[in-house]
Amino acid sequence: MLSSLRLALRIARREALRHKGRSILSITLLCLPLLGTAAAVTAIDSTDLTPEQQVEQITGDADAYIETYHPGPITQETWTGTWLNINWEEREGDRDEPPVDAEDVLAVLPEGSRLVPFTEQMIGRSEQVRTPDGIAGAQFVGYDLTDPLYETGNVLTVEGDAPGPGQVAVSIEAARYLGVGVGGVLKVIEGENDVEYEITAIVERPSNLRAWLVVGPDFAGDQGSSSWLVDVPGDFTGEQALALNELGIAVWSRAMAADPPTESPQSNMAGDSGADANVVAIIALLVTLVVLEVVLLAGPAFAISVKQRTREFALMSAAGANPAQIRTTVLAGGLLFGIIAALVGISLGILGTWFALPLLERLNGHRSMGFEIWPELQILVAVFAIVTGLMSALAAAIAASKVNVCAALAGRRAQPRAKKRWTFIGLGLIALGAAAGIAGVVTNTTIGMVVGLAALQIGLVCCTPGLVAAISKLGRRLGLAPRMALREAGRNRSAAAPAVAAIMAVVAGGLAITMFAISDGDRWDESSMYATPEGMVELDIDYWSNDENDTGPSPKELETGTESVISVLERELDQPEAHAYSTASDCGPGAYCEVRIVRPEANVCPYDAAAEGYTELTESDQRAAVEDERCTFTNDMGSSLNNGALVTDDPFIVAAFTGLGGDDLDEAMSFLSDGGVLIGDPLALTDEGTVTLSQMKESFTEDAEEENGRDAEEFSFRALVPDAPRMAPADVVMAPEATAVMGAVEDPAPQRYLVSAADPISRQDIQAINEALLEAGLSGLEEGVSGFVSQSSGDNRFGYYTALIAAGITGIVALGATAVATGLVIAETRRDLTTLGAVGATPGLRRRLSMWQSAVISMLGAVLGTAVGLASFAGIAAALNQNIKWMYPLVQLYSFEMPWLNLLIALVAVPAIAMGGAALFTRSNLPSERRLT
């Protein structure tokens, strides 16, 4: 057996060297998916930090990072990462006790311990600095960068020396945007003057590369003293960590992560098992897609190679080789190409990731903890390459073993007749795939989904020859070149069908992955009614005075100041429009109001109180809550609950914040003008069409109640539930007249405006506006009316940019697959082009024939791939939703959104480019060939 394998490998090597071009194409088809997989594995292992690595990145050489909460004991359940699971129910401390200071911390630590002020969030003194576009805010901290605890990874000095008095160090992101470096000057706005600081160093936060940070000794004491880096003599022990917990201090420590002093309870939430099942399902489905894509991509190359080596295999058979030996010879080519593809693909993937690591770190916003290649998974990728190489050559090996010896030696090309049974087998596999996929979704089993996806694609591959034959009959009414191309595709199905299958695999895989990325991005879209609409900004106008007895601006003074602020906007923006609005939280001078919807008692969800308090629900309680139609609480409703209600009677504001338009907007404005309110929760409506709003009012005046100054009252209004895209169940929109009914008193300042312009307002525009306000004395640094422009957009653009990137990658890979597959087909039909030339066909006709051959193959493959991709994602989404739909608070499920850009590229752009390429690179003049016999 070994000698037979060695002989087969020698023949495969000789054949590869003889036909270098075809060999390179075959290896490339196998290599490209492996290159992407190897690069993705390396990138994930290098940039995705474990909780222990996150702690190491934050603490550096320090023994721990500690952070104070309210006084009193806490029970820590985890000791790693930026999210701490703290058992608040066991707290016994009095919130009125003074906060813990550094002396209290040192008292429970060994003698010789040292504390260094440090905040993981890097919250310090916020100041404005001059930028090339205007002014912007930055965080200023007074850390002593000569301390080695900072230098070991928390605030790393990249260039220069630690700053002294009158000097600062700035973060890489700030320096890059400001265009400054070591030796440059940072202009800080302090009061009415600009203070210049010499930049002596460039620093970075490895855990937050996007931070705008300024460090200097002149700002010492401005940062909070509620968190520190801890350095103790000897080892940091569990007893020390628990002693800190008794003070109400949370501890992040690598030592505690390795040997935790407390037990972490096993979570009973359905979300944990659902998330794990999702990971398994996603990995299994992606592997299935990649395997099918590689096999179908490389299959045409081996099929055409076998057709061109028909005479060679016939000679082997005549010399006594049996079918098994011929199959081994062809499979040896797949084995050889698989090994070469594994070596080349994995090497290039790892090397490419190493070069791209700085860019990946910047995109992720944090440094990696070293270049890691995940060797176990890379070995699996190599094995995967060899196996897929063999699978790619399997169909060709079977075909080679059945060659007609007499016909091949006589030089006759016997065209294999497509057997109808393959079409029926394909239809059966499609039905089996659909059934297996549905069963996998219903029973929540990954194997069912994998089998369904594989059976669906293999079934379509089996049906491809029949589809090609059926489509070839449509050419009777077309011109000469497309008619010949369709007829040739139908006649030469053995070459056209694998090429169509290859393109189908690429388009299907790219489309399914793109739709998953878009849908997953939409799930984490943080857009809400209170986020600034895209391309607009919020303008806050306020009044400030040093006089404690000042009762506020006069109407004339406020009007004049507002006009001055608006005039600044008119100078900086093109055709700005400012629309006034407010929220129900602004309910009068010295008062704060919180407005909430109160459901009728019968519609109250029994699990919402626990969900709002972030209390874990058991799996059975979560399932019961999901099945209860009254339970609609989601994790992203907190912002709505804390923002009161949107107060306006301006249709522009209502349209911008709610997303209403057309007749729906007209109906909503009419309803508001009649004293009604808009709500997002249909279960809050009573039978009379009203809603109850609860207003919690907190007063900060001297006349407030001595206990807490809070007062709650309920009001009833006529309500309408519009079909508003941006409204959540907790959102409320009401007119100023409705808030007056609730006792709100108009406060002349502050005022809030939503500003739009002819062009979308950018970050550079915001900085320029704020600088112009400063120059005009309207920035709040001086007494009187001031304005400030900001943008609190919560829109998640991840899905959009992912769609663009995936569309480009899918288009490039699909175009490459189309070029290779159609190129192999055209090369295989070269004799036909020579024959056409011999009988008088013009060079242009032969060029157009190649062009239409590319069109037939690429368009058919793209259409089938689109159908498979849509069906694949439908199954994937249904399976993933099956795992998370029983979580409460409710989470956003995976939605089915059509990626129109990807469809346009796959169905129009790729075939068009393939046709152009075929027409451009097809040789018009071909030499006549001699007969083989």
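Trainee: Is Glu15 buried or exposed?

Mentor: This is a predicted model, and in it Glu15 is buried, with a relative accessible area of 4%.

Trainee: Which residue does the side chain of Glu15 meet in a salt bridge?

Mentor: The partner is Arg309, and the distance from N to O is 3.7 Å. The pair links distant parts of the chain, since Glu15 belongs to helix H1 (residues 2-18), while Arg309 sits in the loop between helix H9 (270-308) and helix H10 (310-318). The two residues are 294 residues apart.

Trainee: And Arg309, is that one buried or exposed?

Mentor: Arg309 has 9% relative accessibility, so it counts as buried. The cut-off for buried is under 20% relative accessible area.

Trainee: Why can such side chains pair?

Mentor: Side chains of opposite charge can pair when their charged atoms come close.

Trainee: Which residues are linked with Glu15 and Arg309 in a network of salt bridges?

Mentor: The network also takes in Arg14, Arg18 and Glu312.

Trainee: How many salt bridges does a search of the whole structure find?

Mentor: The search finds 16 salt bridges. One of them joins Arg367 to Glu361, with the closest N and O atoms 2.6 Å apart.

Trainee: What about Arg752, with which residue does it form a salt bridge?

Mentor: Arg752 forms a salt bridge with Asp540, and their closest N and O atoms are 3.4 Å apart. Arg752 lies in strand E22 (residues 751-756) and Asp540 in strand E14 (residues 537-544), so this pair ties together parts that are 212 residues apart in sequence.

Trainee: How accessible are those two, Arg752 and Asp540?

Mentor: Arg752 counts as partly exposed at 26% relative accessibility. Asp540 also has 26% relative accessibility and counts as partly exposed.

Trainee: Changing topic now: where does Leu335 lie?

Mentor: Leu335 lies in helix H11, which covers residues 323-364. At 18% relative accessibility, Leu335 counts as buried.

Trainee: Which residues does Leu335 touch, not counting those up to four places away in sequence?

Mentor: With those set aside, Leu335 touches Leu9, Ile386 and Leu390.

Trainee: How far apart are Leu335 and Val387 in sequence and in space?

Mentor: In sequence, Leu335 and Val387 are 52 residues apart. In space, the distance between them is 7.7 Å, C-alpha to C-alpha.

Conventions:
Residues are numbered from 1 along each chain as its sequence is written. This is a predicted model: local features need pLDDT of at least 70, side-chain atom pairs count only at pLDDT 80 or more; totals for chains, interfaces and linings use all residues. Side-chain values use heavy atoms; hydrogens and water are left out. Helices (H or I, at least four residues) and strands (E, at least two) are DSSP runs, numbered from the N terminus. Buried means under 20% relative accessible area, exposed over 50%, partly exposed in between (1.4 Å probe, protein chains only). Contact means heavy atoms within 4.5 Å. A salt bridge is a side-chain nitrogen of Lys or Arg within 4 Å of a carboxyl oxygen of Asp or Glu.
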